[in-house]
Amino acid sequence: MTRTILLACLSILLVASIIIRPDEAFQASLQGLTVWWNLVFPGLLPFLTLLELMLAFGALHGFGALLQPLMRKLFRLPGEAGIAIALGWSGGFPCGAETTAALRRSETVTAPEGQRLLALTHMPSPLFMLLVVGAGFLERPAIGAAIAAAVWASALLTAFLHARFAKLKPAAANKQAQPPAAASLSRLLKQAAVAMVAARKRDGRTFGKVLGDSVTVSVYKLMAIGGFMMFGAVLVKLTQPLLPEGTPAFLLPGLLESHIGTYAAASSHFTGGLPWNAAAIAAVLSFGGLSALLQAGSAISGTGLSLKRLAATRLIQSLLAFILTLAAWKPMSSLAGRIIPTAAPAMEQPEKTGGATNAIIHAGDLHSLWPYTPVLLLLFLFILLALITASLLAAPQSKTN
């Protein structure tokens with residue numbers, strides 16, 4: 001009852017604030033809409049549609065099958081958790097939370113395992129980090145890749161440490177002690193193919209139906225993102241006067257909504273220059289904002305998983321992402337310069353010039369991603385090969401007499 005009364009009072013106060021300051025509320029809402037319409041919507045719609053197609057045809061289920069040995073070895077999770085990783089890391093908020101909740105309801109994972117898996121799968125969209133943040137907000141695609149690497153590394157490090165120090169119940173310990181079937185390259189690839197075929201059979205839709213549904217679902221997701229961005233922008237504008245003087249401009253937007261938080265972090269001017277912008281963006285994306293946490297809370301309702309623990313874990317990941325970005329900035333700049341010579345000047349530039357200085361950014365102003373395409377393709381193939389190799393090493397090999 002107390003929570004209901006508190007939320008009702010806050011809603012009334014928010015409505016009253018909008019009535020008292022309608023011009024500021026409208027301008028804030030318009031800014032959120034402009035950023036969403038000019039960058040987020042055109043940047044993510046084609047790729048979200050392709051992601052839905054990959055899901056319908058079982059590609060992500062195949063990646064999940066490849067991850068099964070790694071789930072047991074590194075994170076002390078059942079092999080079925082691999083599909084949650086694949087969906088969460090590719091689809092963004094709240095795909096990971098929804099998949100984790102489904103595994104928990106089917107009792108595939110225990111409550112402690114589900115809590116660790118939820119923190120690992122509740123991740124921002126890689127397309128948002130690489131395209132919208134890198135090419136749009138910062139106009140430097142290479143920095144988007146560096147931010148994504150920091151966000152992913154902080155999540156993996158947190159999950160790994162959590163798994164090492166987690167106390168396993170006797171049943172769970174016995175379950176982990178049982179070695180999985182011996183793995184070989186052919187067996188692992190066959191398992192991935194079987195998972196893809198099974199997922200395709202469960203879906204059963206024709207290509208035309210899948211394509212139409214994919215576009216519809218993608219637009220629905222983007223409309224929800226746009227609504228969160230507009231509402232978050234209005235809330236930030238109305239509550240900003242209450243903050244103490246000297247509070248970083250990106251802090252409140254980052255706590256409320258990750259999209260406007262990353263835009264605010266990209267627009268901020270730090271004494272340390274561009275590396276601090278990237279570190280702030282990585283921290284905001286790792287936390288995800290209250291809007292993403294509420295979406296996760298809705299997905300895990302009734303599963304016994306704790307939203308408070310997820311929020312605490314995301315704060316730890318946020319701090320790690322901030323530190324990792326600053327610590328690895330120079331090595332990443334050197335590596336980017338060797339792989340993509342055109343990316344070196346952008347990352348080595350100490351001050352941020354351009355990029356997210358105006359909410360109205362046109363497609364013609366964005367940097368071309370074409371020079372990065374071959375490198376990204378090679379990077380994808382390298383990750384796929386590394387994934388297969390790591391899975392083979394993680395699982396016990398069959399012994400021959």
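This protein chain folds into 20 helices and 0 strands; both are DSSP runs numbered from the N terminus, with helices (H or I) at least four residues long and strands (E) at least two. The model is predicted, so local features need pLDDT of at least 70 and side-chain atom pairs count only at pLDDT 80 or more, while totals for chains, interfaces and linings use all residues. Residues are numbered from 1 along each chain as its sequence is written, and side-chain values use heavy atoms, with hydrogens and water left out.

**The whole chain**

- Out of 401 residues in the protein chain, 46% count as buried. Buried means under 20% relative accessible area, exposed means over 50%, and partly exposed is in between (1.4 Å probe, protein chains only).
- The chain exposes about 20400 Å², and carbon and sulfur atoms supply 70% of that. Accessible areas come from the Shrake-Rupley method with a 1.4 Å probe, and for residues only the protein chains shown count as cover.
- Take the contacts (heavy atoms within 4.5 Å) in the protein chain with a separation of 6 or more: 78% of them join residues 24 or more positions apart.

**Tucked-away spots**

- Helix α7 (residues 111-121) is largely enclosed by the rest of the structure, because 9 of its 11 residues are buried. Among them are Glu113, Arg116 and Leu120.
- Thr262 sits in helix α14 (residues 258-267) and is buried, at 0% relative accessibility.
- What does Thr262 touch, leaving aside residues up to four places away in sequence? Its partners are Phe128, Val133, Phe137, Ile281, Val284 and Leu285.
- A polar atom of the Thr262 side chain also lies 2.7 Å from the backbone oxygen of His259.
- Ala135, in helix α8 (residues 126-137), is buried too, at 5% relative accessibility. Ala135 and Leu39 are 96 residues apart in sequence, yet their C-alpha atoms are 9.5 Å apart in space.

**A nonpolar patch on the surface**

- Leu74, Leu157, Phe160, Leu161 and Phe165 make up a nonpolar surface patch, with about 460 Å² of accessible area together. Patches are built from residues with over 30% relative accessible area and no salt bridge; like charges are joined within 9 Å, and nonpolar side chains (Val, Leu, Ile, Met, Phe, Trp, Tyr) within 5 Å.
- Helix α9 (residues 141-165) gives the most to this patch, with 4 residues. Leu157 is in that helix, and Leu157 is partly exposed, at 35% relative accessible area.

**Salt bridges**

- The count comes to 6 salt bridges, where a side-chain nitrogen of Lys or Arg is within 4 Å of a carboxyl oxygen of Asp or Glu.
- Arg21 and Glu24 pair up with an N to O distance of 2.2 Å. Arg21 is partly exposed at 25%, and Glu24 is partly exposed at 31%.
- Arg200, Asp203, Arg205, Lys209 and Asp213 are linked in a network of salt bridges.
- For Lys209 and Asp213, the closest N and O atoms are 3.6 Å apart. Both residues lie in helix α12 (residues 207-239), 4 residues apart, or about one turn of the helix.

**Cysteines**

- How many disulfides (pairs of cysteine sulfur atoms within 2.5 Å) does the structure hold? The number is 0.
- Cys9 is partly exposed, at 40% relative accessible area, whereas Cys95 is buried, at 15%.

Note on methods
A polar contact is a pair of N or O atoms within 3.5 Å; within protein, one must be able to donate a hydrogen and the other to accept it, and residues adjacent in sequence count only if both atoms are side-chain atoms. A disulfide is a pair of cysteine sulfur atoms within 2.5 Å.
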